[in-house]
Amino acid sequence: MAPLPLFDVFDPAFRANPYPVYDRFRQADPVHRGRPPTPGLDGGWWYLFGYDDVAYVLKDPRFGRSIAPMLDEPPPPVPPEEREPFWDLYARWTLALEPPDHTRQRALLNQAFTVRVVEALRPRIEALAAELLDGLSGGEAFDVVADYAFPLTLATICELLGIPRDDHGRIKDWSLTIAAVLDYKRTWDVMAEGNRMALDFSTYLRGIAAERRTSPRADLITRLLAAAGADDRLSEDEVISLCAMLLFAGHETTVNLISAGTLLLLEHPDAAARLRAEPALMETAVEEFLRLHSPIQATSRYAYADAVIGGRSIRRGDSLTLLLGSANRDPAVFSEPDRLDIGRRPNRHLAFGRGIHFCLGAPLAVAQGGIALNCLLERFPRLRSGAPEPRWSETFGFRGLSQLAVESR
Ligand code: HEM
């Protein structure tokens, strides 16, 4: 067999179509020791391509997202003015924590994201989708990403938290900056922009929090503040960080589900026809879109202890990149993994992760994706690809379309 190429997540050909590269590594070197994805990082760096290995690491407490368990003693406290604003905001995100802080935050958030809360949101998501589609019905062409998926998911999460409509555009800009910083290609310019954004975003959220404290409303910010007030289960700084996390995580990835789902339906008119005739099939179709084009292609873990994975020795302190997008096309788990099967059952994809960090917003994302795609198919029976060609975004960990032109008449 020909030697493996360098695994380079910034190679434009890889970003345009990562799946053939995943296949080669999954077969030839599924636990691959490679070069760190972000220039400047060092230490042992592993890339995991197979489903079982990725699922194993996600569930095993010897691997985690916080650096703290790897330190022999806690680091000396850094005065607030010396902290980098971006990492200061991010450090209190649920996704960045391990137990016991993770357990405490997650228990509070789980109360806010029950199935009942999501079900109650359904009519509002349908109304928002209808409103946007009304606006698009007059024309002949539009961009699914900018004109439909983004405004729909942004409005949903902003309304849930209680962000005024006039400010949705700012939340979108801040979220795009967060995605750029959290992605693997992080330049100094991106980091500087991230620090400016974190200061502006925190100041903005503190203003909203101050308003809600004096005039509470039926929104999530008010509920989180109430939780913070009750026996200090959440600090004020945590409330601000969690709001930023939810506003970011609540739409960026769901946009990618809706736009990639639309692309798959444009490429498979037979599947679109089946869904138009039987919209209830959308339940399994959405899971299949998530499997085939996972909006989060990769996530990372630190090894807190030595471990052997796939016969390779991982050392305490090593970093691992788990390729969810590769695991989700592993032929050992999914028959004909590259084929779209909108009725696929079972479909135990890892697009929402596994273990303690399993996506908090999964029920909301699935509900939104299904409603958005069913409404789109119903409204435009002649929907087809437009010009220019679909374009994939520059980021790698967050993979999605930055543009998807369609014709609607
Ligand atoms: C299609 C849409 C979405 C996808 C593909 C997705 C994917 C993921 C993945 C893979 C993780 C786990 C990362 C890891 O273990 O390293 C995660 C965690 C998380 N997601 Fe999502 N997500 C989506 C939508 C949402 C929405 C709508 C929200 C909020 C409303 C949300 C909030 C979160 C939070 C808070 C976490 C961290 C949970 C924890 O650490 O316990 N996500 N998501």
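Analyst: **Charges, overall form and one histidine**

The protein carries 46 positive and 55 negative side chains, and the centres of these two sets are 3 Å apart. This is a predicted model.

As for secondary structure, the protein has 16 helices and twelve strands. Along the principal axes, its C-alpha atoms fill a box of roughly 70 × 65 × 40 Å. The radius of gyration is 21 Å, which agrees with a compact globule, because a globule of 409 residues would have a value near 22 Å.

The inside and the surface can be described in turn. Of the 409 residues, 52% are buried. Among contacts with a separation of 6 or more, 73% are made by residues 24 or more positions apart. The protein exposes about 18600 Å², and carbon and sulfur atoms supply 55% of that area.

Now the histidine itself. Histidine 251 lies in the loop between helix 11 (236-249) and helix 12 (252-267). Its relative accessibility is 0%, so histidine 251 counts as buried, the cut-off being under 20%. Leaving aside residues up to four places away in sequence, histidine 251 touches Phe150, Thr153, Leu154, Ile157, Lys172 and Ser175. One of these partners, Lys172, belongs to a residue type counted as positive in the charge totals, whereas His is not counted there.

In short, histidine 251 is a loop residue that is buried, with contacts that include Phe150 and Ser175.

Terms used
Residues numbered from 1 in each chain as written. Predicted model: local features only at pLDDT ≥ 70, side-chain atom pairs only at ≥ 80, totals over all residues. Heavy atoms only, no water. Helix = DSSP H or I, 4+ residues; strand = E, 2+ residues; numbered from the N terminus. Rg over C-alpha atoms; globule rule 2.2 N^0.38 Å. Buried < 20%, exposed > 50% of the residue type's maximum accessible area, 1.4 Å probe, protein only. Contact = heavy atoms within 4.5 Å. Areas by Shrake-Rupley, 256 points an atom, 1.4 Å probe, with all protein chains shown as cover. Charge placed at Lys NZ, Arg CZ, Asp CG, Glu CD.
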